[in-house]
Amino acid sequence: VAVVRVMPAGIDIAVAAGETLFEAASRQGYAWPTRCCGQAQCMLCALEIEDGVDNAVAPEREEQEAIRRIQSLHPMVRDCRLACRMKAAGPLVVRKEGVRRA
Ligand code: FES
């Protein structure tokens, strides 16, 4: 289990091995911004990694393509990932507005 801290709310989410951050958040009673409900389509779940980037499991092709689209629209965004695809191998701090208790 890896703990991901979500800023600015300061919420800690425990992510089990093989689980995405989005799944872990839902399981622990948090609403994460989405329209596609975790299908890697809407990109509304996108987050920015603030710390621990090496602990984010490398993205697979589907997520890589989404990241490229996001970065072409927002060139200033670094270390962007989809919460509905990212898995954690160790502690991370991420930034995502709008995460709250469901
Ligand atoms: S929840 Fe829609 S892309 Fe991740």
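Colleague: Why does Asp-79 count as partly exposed?

Modeller: Asp-79 has 31% relative accessibility. Partly exposed covers the range between buried, under 20% relative accessible area, and exposed, over 50% (1.4 Å probe, protein chains only); Asp-79 therefore counts as partly exposed. Please note that this is a predicted model, in which local features need pLDDT of at least 70, side-chain atom pairs count only at pLDDT 80 or more, and totals for chains, interfaces and linings use all residues. Residues are numbered from 1 along each chain as its sequence is written, and side-chain values use heavy atoms, with hydrogens and water left out.

Colleague: Why does Cys-37 count as exposed?

Modeller: Cys-37 has 54% relative accessibility, so Cys-37 counts as exposed. Cys-37 also has a positive phi of about 60° although it is not a glycine, and is found in the loop between β3 (30-31) and β4. Strands such as these are DSSP runs (E, at least two residues), and helices are runs of H or I with at least four, numbered from the N terminus.

Colleague: What makes a set of residues a nonpolar core?

Modeller: The members are buried Ala, Val, Leu, Ile, Met, Phe, Trp, Tyr and Cys residues joined through side-chain atoms within 4.5 Å. The largest such core has 29 residues, of which Ile-13, Leu-21, Trp-32 and Val-94 touch the most other members. The element α1 gives the most to this core, with four residues.

Colleague: Which residues does Val-94 touch?

Modeller: Contact means heavy atoms within 4.5 Å. Not counting residues up to four places away in sequence, Val-94 touches several residues, including Leu-21, Trp-32 and Met-86. Ile-49 stands opposite Val-94 in β6.

Colleague: What makes β2 and β5 the edge strands?

Modeller: Two strands pair if DSSP finds at least two bridges between them. The open sheet of five strands has the order β2-β1-β6-β4-β5, with mixed pairing; β2 and β5 each pair on one side only. By contrast, β4 and β6 are joined by three bridges and run antiparallel.

Colleague: How much space lies in the largest pocket, and which element gives the largest share of its lining?

Modeller: A pocket, on a 1 Å grid over the protein atoms alone, is an open set of points where a 1.4 Å probe fits, with protein on both sides within 12 Å along at least five of seven lines; lining residues have an atom within 4 Å of a point. About 270 Å³ of space lies in the largest pocket, the volume being the space filled by probe spheres set on the points, which are joined across faces, edges and corners. The largest share of the lining, three residues, comes from β4.
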